[in-house]
Amino acid sequence: MRDRPLFGGLLVALLAALLVSVRFGAAGLDWTAVAGGLRGTADQASVTIVRDLRLPRALLGALIGAALALSGATFQALLRNPLAEPYVLGVAGGSALGAVAVIGTGWALAAPWTLPLGAMAGAFATIAVVVRIARGAGPGLDVRALLLAGVVVGVFCNACLLLLLSLQRGEAFREAVFWLMGSLAGASWAAAAWLAAAILPVGAVLCLAARPLDLLAVGEESARHLGVKVGRTRLLAYLAASFLTAVSVAVAGSIGFVGLFVPHAARLLWGGAHRRLLPAAALLGAAFLPLADTLARTVVAPAELPLGVITAFVGVPFFVAIMRRRLAGRPG
Amino acid sequence: MSLWLARGLAYRYPGSPVEAVREVDLDVGDGEVVALVGPNGAGKTTLLLLLLGQLPPLRGRVEFAGRPLDAWSPGALARRVGVLPQHEEPAFPVTVRELVAMGRYPHLGAWRQERPSDVEAVAAAVGRCGLAELTGRPFATLSGGERQRARLARALAQGPEALVLDEPTAGLDVASEMEMWELLRREARAGRGVLLTTHNLNLAARFADRLLLLSGGRLLGEGAATDVVTEPRIGAAYGWPVRVFPHSGPGPDRGAPQVVPLRPNDEPERKVP
């Protein structure tokens, strides 16, 4: 396979990112302690930090990075729009609404597991409403109808969200705002395992069946003439990408920017064929997010910066650099 | 062998008071180039979409390779017919090789890996269209003529028996337009049936085996260029007076009718709007 070096390199980068993420943090560990912690031979504190705190958090970050990058790349092809990202069609708004509703009722404090459930319920309700509105416009799934439906539902969710937030007081308000900023602080082995079970199968199917996205990105009419069932393909791609976003947001809130810039970086570096682009973007996102989270945890340790701030601060210069290099190398 | 056979074909767009295509009979066989000509809005593109099963006929029937069009799945038809739509704007950069490789989609579907036979088909199509030096170039950086050849290569990569092209030479310079016509002629010699729409009556008269003259959704003429490209027929179809001269040669096109549209002072006795 021609792409073996590419994916080999990305896997090495992912592994390195995970190790760096486990090595650095508020509590100083050296590489010996990391190795000992992973094997269980170091002192109890190091083992706990490595195995129970940092490793699940790094893995969770990798999974969410991969899911957001995949989702963003899919939305960009589906909507034929370079500004598309995982939250463009209102999934984040619906999910935040669900989460803040759970926080507002006080359930989140009493039973923390209700928070991701609420977020997920909000996200899936949004997806269902968006599809329903978009399909009303005609047979199949029309891109303009989908885009408008998603944006409108998102705006409505945000309005409801502001209403709910304005009614919150004290601790609940703080918790809601903290959730909205997005964070991997809630990481646990259970969360990572649950997320892996949700993301890996859907992500794998999306990567393996990505070829129709190439055709949709080139043009709807050509895709039709090449035998693509355009409406059905769009619906499936929309559902898969929204699912990936929904489960990510439910666990970690809406972490911005990864799903926008990682697909573009992957496209600029490795081209637009989605069978290569999607897995490459997923691995790049998986390597990027744990690194960004490491910065978020260490820059003002022991406090944490919002992860979305770091993804933007690190991502923007990186993205601009790639873009300038690529545009400079283009003839004409 | 007959590829397309259409009888009494008619279509009306939803909400439109007039029929865009009315009672059209049409045959396209293998190895021939058939040019569909007529003024803007005559129904040329609509007719192509009817022949490709992208629009449901209001009346009449269409067969491809002896079977009614509804019996063809989109994938099965795409393995036999390569199509160049008029408009296409990739939303993201693709290289020429990536674009041409999309022609293998009908054979690969969403899941399958490219096989050696797919790679060969793509390379052969690239070679036939003279794009071997350009495979790594982004499609967006190509000239108009190169773009059309890249899109034709994608259609050829499908391994089709028939090619359907909607104004493949629109906006091309003389050399690029001639290259495209020569390529199509060569594909017809290789046995493919070629159906295209065009506004270039003079080249259609020289390159096409048959012309179909469409106006207001109806066929005003059908047959060899000398029968269709005549002063009364072209004048009536386009609503503009023309003179038709025989091509003076040299070469095999000698005698092909060539159209010269008139200006108001060219021949005062003829009415020019």
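Helix axes are lines fitted to C-alpha atoms, for helices over the stretch in contact, and the angles between them run from 0 to 180 degrees between N-to-C directions. What you see above is a predicted model, in which local features need pLDDT of at least 70 and side-chain atom pairs count only at pLDDT 80 or more, while totals for chains, interfaces and linings use all residues. Residues are numbered from 1 along each chain as its sequence is written, and chains are lettered from A and ligands numbered from 1 in the order in which they are written.

Let's start with a pair of helices in chain A. Helices (H or I, at least four residues) and strands (E, at least two) are DSSP runs, numbered from the N terminus. At what angle do helix 4 and helix 12 of chain A pack? Helix 4 (residues 91-105) and helix 12 (residues 230-252) pack at about 35°, with their axes 10 Å apart. In this meeting, V91(A), A92(A) and S95(A) of helix 4 touch residues of helix 12 including T245(A) and A246(A); contact here puts two C-beta atoms, placed from the backbone, within 7 Å.

A nonpolar core is a set of buried Ala, Val, Leu, Ile, Met, Phe, Trp, Tyr and Cys residues joined through C-beta atoms within 7 Å. Buried means 20 or more other C-beta atoms within 10 Å of a residue's own, exposed means 12 or fewer, and partly exposed lies in between, with C-beta atoms placed from the backbone. The largest such core has 195 residues, and V247(A), A281(A) and L284(A) have the most contacts inside it. Helix 3 (residues 44-78) of chain A gives the largest share, 18 residues. Leaving aside neighbours within four places in sequence, V247(A) contacts A67(A), M120(A), L195(A), A198(A) and I199(A).

Now look at where the chains meet. In chain B, 24 residues are in contact with 25 residues of chain A. Helix 2 (74-80), helix 3 (96-101) and helix 4 (105-108) of chain B each give two or more residues to this side.

Most residues other than glycine have a negative phi, and most peptide bonds are trans. Yet E23(B), in strand 2 (residues 21-29), has a positive phi near 45°. E167(B), in the loop between strand 7 (162-166) and helix 7 (174-189), also has phi near 45°. Are these residues buried or exposed? E23(B) is partly exposed, with 14 other C-beta atoms within 10 Å, whereas E167(B) is buried, with 20. Finally, the peptide bond from G249(B) to P250(B) is cis, with omega near 5°.
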